[in-house]
Amino acid sequence: MRVGVLTGGGDCPGLNAVMRAVVRKGVQEYDYRFTGFRDGWRGPLEGDAVQLDIPAVRGTLPRGGTILGSSRTNPFSVENGVRLIEENLAKFEVDALIAIGGEDTLGVAARLTEEHGLRCVGVPKTIDNDLCATDYTFGFDTAVHVATEAIDRLHTTAESHMRVLVVEVMGRHAGWIALHSGLAGGANCILIPEQPFDVERVCDYVESRFKASYAPIVVVAEGAVPRDGTMVLKDDSLDSFGHVRLSGVGEWLAKEIEQRTGKEARTTVLGHTQRGGTPSAFDRWLATRFGLHAIEAVHDQAWGSMVALRGTEVVRVPLAEATDGIKTVPPELYQEVSVFFG
Ligand code: F6P
């Protein structure tokens, strides 16, 4: 059996750990051969492939990014995309495909399996931790660590200058990174996409923090929206899955705070630092377990399935579940954390 592997969508720490586990177990226990497709769905679409064997994955466990490269290519928006993929899989004699990605990459794998009979198994990833089908995705824990460390550092400089520091973190539709890092980093206010915010309320929190002789830290997810406004976009461009580019709400908010309170406010946008660098121990553990279970799913011919974490167990769920909706922060959890605001 020859198995193709690809990593699609935004990269995230732990992708290499998944592939290392897939290849190690696949070669050692089942005598499989592997082909790595470059840059997500672009690889099988254009026939861009490399050999993936044990030497190729050696030493990659702590390495961030993906040795195969990634892209947001959508084969369904390319003319004859499915036919090209089928031709290239046949050319490289690939019998099955492991797709490692978020809702877009896995959504393509689900459609290829259901509508075209391809033999796909999925592995979920996203630093946003917003896939319904799994309790946690790898990459999230690392992103939270990066953001928490940044918030810790920002406290001391904010105190020295007694100014407001707004920290913008990733999180398009779900505020998990903001919530976890904001709580762990002792932020005075956390703003998430699920809860449109009132700027006046944020300013009240800022004022009350200054009254207590401390400098406020406001953590805002890039997808957070003011109650009386719209999402702040970087520009008008869309990727091939139709997603807008975010970032800008932090800058906008700092200006509003300055104007309304008269206090100096600055913004730090953490951006891709949250996606880069070495994965945390938890993410290496989870990614490795996902890889081991994914190759087992291939061995069991469980086409159209995806590995997922439920509690502490790695289970198999239908690939289609990956696109079943976004896992958002429940209002009661946000409410629980809000005791620390102000
Ligand atoms: O989906 C993961 C994610 O990191 C989002 O949090 C963020 O909005 C997006 O990717 C950024 O994508 P890109 O790197 O393609 O701009």
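In which loop is Gln301 found? Gln301 sits between helix H10 (281-299) and strand S12 (305-310), helices (H or I, at least four residues) and strands (E, at least two) being DSSP runs numbered from the N terminus. The model is predicted: local features need pLDDT of at least 70, side-chain atom pairs count only at pLDDT 80 or more, and totals for chains, interfaces and linings use all residues. Residues are numbered from 1 along each chain as its sequence is written, and side-chain values use heavy atoms, without hydrogens and water.

Although Gln301 is not a glycine, its phi is positive, about 55°. Ser213, likewise not a glycine, has a positive phi of about 65° and lies in the loop between helix H8 (199-211) and strand S8 (217-221). Ser213 counts as exposed because its relative accessibility is 52%, whereas Gln301, at 48%, counts as partly exposed; exposed means over 50% relative accessible area, buried under 20%, and partly exposed in between (1.4 Å probe, protein chains only).

The chain divides into domain 1 (2-138 + 277-322) and domain 2 (140-274), with bounds from an automatic or database domain assignment. Their C-alpha centres lie 33 Å apart. To the contact (heavy atoms within 4.5 Å), domain 1 gives 20 residues and domain 2 gives 17 residues.

Between the domains about 1,500 Å² is buried, 55% of it from carbon and sulfur atoms; this is the accessible area (1.4 Å probe) that two parts lose on being put together, summed over both. In domain 1, Arg72, Ile127 and Asp128 lose the most area to domain 2, together 38% of what that side buries.
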